[in-house]
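Grab a viewer and work through a few exercises on the structure below. Each one has a task and then a solution in steps.

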Amino acid sequence: MVNQMKVDVVLELMDGRSLEAVLARPFIPEENEIRIMLAKGGNVHTYLLSKVCCVLMVPNAQQMMFYGKEHYSEEVITTTDKHFHVAILKDLKARNGFYGLYKDIRSPFKLIFFTNNGIKLRKQGSLVGEILQDKGLVTHHSINEALEEQRKLRERRLGDIISEEHDLHPKIIENIIETAYKEGKVTPRMKIGDILINAGLVTGEQVANALASQDFGKRKKIGTLLIDKGLITEEQLLMVLALKFRLRFVDIEKEIPKKEALDAIPAYVVYGLRVFPLDDDGKHLVVATSEPTDHTLPESLRFYTKRWIEMVVSSPRQISRAILKYYPQKEYGVDDILHGMSVDELVVEPDAEISDIDTSVSESDSNIVMLVNKILLDGYSKGASDIHFEPALKAQPFQVRYRIDGTCRLAHQFPAGYKRAIISRLKIMSNLDISEHGRPQSGKILVWQQNKQIEYRVEVSPTVGGNEDAVLRILTSAEPLPLEDMGFSANNMAAFRRFLTQAYGIILCVGPTGSGKTTTLHAALKFLNTPEVKIWTVEDPVEITQWGLRQVQVHLKIGLTFQEALSSFLRSDPDVIMVGEMRDTETARIAIEASLTGHLVLSTLHTNSAPETVVRLIEMGMDPFNFADSLLGVLAQRLARRLCEKCKEPYHPDKEEYDELATIYDQKWFLEHNVNLYSDDLTLMKKVGCHACNNSGYKGRATIHELLVNTESIKQLIRHRAALDEIRTMAMKEGMRTLLMDGIQKVFQGITDREELLRVCRYEKSQ
Ligand SMILES: [Zn+2]
């Protein structure tokens, strides 16, 4: 019977598998799942579209109607590196993906549905040259003019070449690589290192050496390492990347950007995304980037421009130069939107009929709507965790600040006349009472951006002068990070993994708000998350979602507390339980009990150090014997801003500075742990500041850890209610590195600097 089954669908899964099957019910993308009967074995399965790259189908009669309505040809590359040449069916729409007509005439599966998540790259057909040739919009005279200018530019370029002759010119390299590519020696799956070796640019040994020296750059790409070592230039790397992703490499200095292209992308987007538009034929937009690996760029640009985007690659230097030349203004941002809006138009009366916004959108209202939307997305795209709307007294400007990497910075200023309108708009978006001005209110806003849901938790508070402040916390539906990305030292990593392989016990992650505890616990859960293990979590709020986890959101209004959820879990056959926070004694007591009855429990606490956590829990009334038996370990952590990879610079510290680091570490242990000897070639990294890091010198964050392992001797101390000092001394004797020690190690590794370390570890220092 199985053999007679006529396969009408092929599922390409994210994990690389291809499944031949028959649709078990009609496929509707909006259902976010597909139900199929497998050709092999005949089992019926439902697959979430989030696990699917694309669905190849034999089209039904209804879908056939869309034949001939195809649009542009595209090459679509899935995240599993499968290439499909398709004609996009623009009239057959879905929010979570798109349809294409398969160009492969041998395939019976003519219709392909691609999920947005499953796509690495979409590339349109035409090249700039072709577009220039057949756009037919310019006169013969202006073409000649353009050609003349291009000729001059080429001549100047020749001068450059001669002056740099001792060097290998990029073009030669490009040719070598291109030949290799034509001869079939380069595949999209190939590693950059291999392409470079095959092209004869570097030797296998050099690549191996570069890989071996990944001591403080585990996440650095091989290409970046080779640049650091001076073996290739950034331009050469970009050429190879361009080749890998089948994009064109463009020498911007030889191109004359078209005015329509420059107009198509607003300046603040150009500055924000570091891209440069080159050509536009009304439908296609050709845009240069120096980050061809950033797959979100085409989607963002499509969002802003509503055009088909062809990405091309160029060097960051050329892109910066072109941006400065063609968008010669210093600072761009949300302010651009204010262009053409007068303050008078924007004064919205407190009780104005803003709720009619959907039926009668006036010019000023739609500007406010757009302005607020842009701020929300701008904050998100800049990596802010919170957006603060702060109206001031009387005519003083209304300011918007973003909290990025833990610190607030001014993002925008508006005339005071905007404040009511902006706050009212935020209230409408978060379903709050716009006529209420005297009491705090909380709500939320959901925004879809690039197929990703962004949630903003809104808190409106009345402030002096009859104002209202609004603070929006941004919750993205973030993916959990792997444990390997948590920045653990080798010892801590090994110990932490050991905790996770225990059948029962409690693991605590501690630190102040915003120290990344939730991220760490979710990385741990990701490690534990297998089909054999039942995992319950209760969180407030759920910030990270993971497939396979059963996640419960605390809901105080209906009495769903941490404690309530935890008690319910114990009746729901769990293996692993994660309690977002042990907020009260009762929750802590139940969590410890759960860990003693055969469950692995993970939780967090607002304590400053690992030893302090142990003392605090006993003080809270936990039974010392139970607690000593249940505890596996405590991980204290802090987030320190990471030195910006783009601009940080090496320097040689003087002996005085070195000694100071040793003192912060603790002189006695510094020698014993054999941290770093002083020498003439000792280098540290210092912050500089560039565009990428908003001139702060820091970008992204690094985690600093202090891991206490509950050994036999620590257990003894807990049972006897030992003092904080005793526990700390014993833990250090048995190998615990304090936050400051771990931090100093990371200063020596060039990950962060002393100033930042002391800022985030100030609690620890004052003890
Ligand atoms: Zn920087």
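Predicted model: local features only at pLDDT ≥ 70, side-chain atom pairs only at ≥ 80, totals over all residues.

Numbering starts from 1 along each chain as its sequence is written.

**Exercise 1.** Work out the strand order of the seven-stranded open sheet and find its edges.

Step 1. Helices (H or I, at least four residues) and strands (E, at least two) are DSSP runs numbered from the N terminus, and two strands pair if DSSP finds at least two bridges between them.
Step 2. Reading across, the order is 23-22-24-25-21-26-29, with mixed pairing.
Step 3. Strand 23 (550-553) and strand 29 (698-709) each have a single partner strand, so one side of each lacks a neighbour in the sheet.
Step 4. From one strand to the next, the twist averages 15 degrees (angles run from 0 to 180 degrees between N-to-C directions, with axes fitted to C-alpha atoms, for helices over the stretch in contact).

**Exercise 2.** In which sense do strand 24 and strand 25 pair, and which residue is the bridge partner of Val 579?

Step 1. Strand 24 (residues 576-579) and strand 25 (residues 600-605) run parallel, over four bridges.
Step 2. Val 579 has Ser 603 of strand 25 as its bridge partner.

**Exercise 3.** Find which residues of helix 20 are buried, and what they pack against.

Step 1. Buried means 20 or more other C-beta atoms within 10 Å of the residue's own, with C-beta atoms placed from the backbone.
Step 2. In helix 20 (residues 585-596), that picks out Thr 587, Ala 588, Ile 590, Ala 591, Ile 592, Ala 594 and Ser 595.
Step 3. These buried residues pack against several elements, including strand 21, helix 19 (562-570) and helix 21 (610-619); contact here means C-beta atoms within 7 Å.
Step 4. Just past the helix, Gly 598 has a positive phi of about 90 degrees.

**Exercise 4.** How are helix 25 and helix 26 oriented to each other, and which residues make the contact?

Step 1. Helix 25 (residues 712-719) and helix 26 (residues 724-733) pack at about 175 degrees, with their axes 10 Å apart.
Step 2. Angles over 145 degrees count as roughly antiparallel, so that's the label for helix 25 and helix 26.
Step 3. Ser 713, Ile 714 and Leu 717 of helix 25 meet Glu 726, Ile 727, Met 730 and Ala 731 of helix 26.

Notes:
Expected span 1.5 Å × (residues − 1). Buried ≥ 20, exposed ≤ 12 C-beta atoms within 10 Å, placed from the backbone. Contact = placed C-beta atoms within 7 Å. Parallel < 35°, antiparallel > 145°, perpendicular 65-115°, else oblique.
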